[in-house]
Protein chains: 2
Amino acid sequence: MGETADAVPDFDKGGGMLPAIAQDADDGAVLMMAYMNAEAYAETLSTGRAVYFSRSRNKLWRKGEESGNVQKVVGVFLDCDRDTILLKVEQIGGAACHEGYRSCFFRQVTPEGLRVVGDRVFDPDDVYGKK
Amino acid sequence: MGETADAVPDFDKGGGMLPAIAQDADDGAVLMMAYMNAEAYAETLSTGRAVYFSRSRNKLWRKGEESGNVQKVVGVFLDCDRDTILLKVEQIGGAACHEGYRSCFFRQVTPEGLRVVGDRVFDPDDVYGKK
């Protein structure tokens, strides 16, 4: 027990996976949220690039391996319960979202419905190819 | 379907609950992450104060109802998959964390273990009473 056990995320609490928030290290914008398992977390720390666990593809997701938009990790933080991870990152390419927006949170809830408030940095068709 | 269905979080995707990130509306600090169900989300929108669903207590958690540290909601955003909610808030009392820190993410992961980097705003014993 002691220092070692307290210094790592409590992956058991999340059934092996915990939410990880990526925040722009420069201006604090929240870019995205994804999940990490212990392997993704360890690889993130050892490589200095954000690695998540894709629940839909059921495998490690090295962010940017297809688009080139990797996230260089500037700092890693744990919350009080050690069940959420916060990454401060430098987002290469300027866009974290697969839809081409800087942040995945590019839509604001308004009484009239969702309003796009984010800037589109790239066209997904150009990056991932036409479907 | 159309506008109405697309304008709300996809709570079914998270088994009835979705993660909600609270971010300081002024300087962008990520304060905490908790969960919302549809009822918590609806009450958040109607009251303009953050309401979460406590998984440990299995009931609505009106943030600040005990400590007084409510979160006034300035803006609500959905991510591209509509399975994560981002709140921009004004944190009354200056601290979101029940341990008295401004942000729950007050510890940074370092090669030597966790390092406290956040400022403590209050002593939990004073707010919640000695255990």
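I call a residue buried if 20 or more other C-beta atoms lie within 10 Å of its own, with C-beta atoms placed from the backbone. With that rule I went through chain A of this predicted model. Buried residues make up 38% of its 131 residues.

**Entry: chain A as a whole**

I listed the elements next. Chain A has three helices and eight strands. From the N terminus on, I read them as α-β-β-α-β-β-β-β-β-β-α. I then looked up the radius of gyration of chain A, which is 16 Å. The globule rule gives 14 Å for 131 residues, and the two values are close, so chain A is as compact as a globular protein of that length. I noted the spans of the C-alpha trace along its principal axes as about 50 × 35 × 30 Å. I also looked at contacts in chain A between residues at least 6 apart in sequence. Of these, 41% join residues at least 24 apart.

I checked the pair at the chain A end. Strand E1 (residues 18-24) of chain A and E2(A) run antiparallel and are joined by six bridges. Within that pair, I found Gln23(A) bridged to Val30(A) in E2(A).

**Entry: a hairpin in chain B**

I turned to strands E3 (residues 51-54) and E4 (residues 59-62) of chain B. They run antiparallel, with four bridges between them. Phe53(B) has Leu60(B) in E4(B) as its bridge partner. Four residues lie between the strands of this hairpin. I noted a positive phi near 55° at Asn58(B).

**Entry: where the chains meet**

I looked up the contacts between the chains. 29 residues of chain B are in contact with 29 residues of chain A. On the chain B side, the elements that give two or more residues include helix H1 (3-6), strand E1 (18-24) and strand E2 (30-36). The largest share comes from E5(B), with four residues. By class, I recorded 17 nonpolar, six polar and six charged residues on that side.

Strand E7 (residues 107-110) of chain A runs antiparallel to E5(B), and two bridges join them. There, I found Arg107(A) opposite Leu78(B).

**Entry: symmetry**

How is chain B laid on chain A? I noted a turn of 180° and a shift of 0.0 Å along the axis, with an RMSD of 0.0 Å. That is the relation of a two-fold axis. The same surface serves both copies, as 100% of the contact residues of chain B recur in chain A. Last, I asked which residue of chain B comes closest to the rotation axis. It is Gly28(B), at 2.5 Å (C-alpha).

Conventions
Residues numbered from 1 in each chain as written. Chains lettered and ligands numbered in written order. Predicted model: local features only at pLDDT ≥ 70, side-chain atom pairs only at ≥ 80, totals over all residues. Pairing = 2+ DSSP bridges. Contact = placed C-beta atoms within 7 Å. Nonpolar A, V, L, I, M, F, W, Y, C, P; charged D, E, K, R; others polar. Least-squares fit on C-alpha atoms with pLDDT ≥ 70 in both. Rg over C-alpha atoms; globule rule 2.2 N^0.38 Å. Buried ≥ 20, exposed ≤ 12 C-beta atoms within 10 Å, placed from the backbone.
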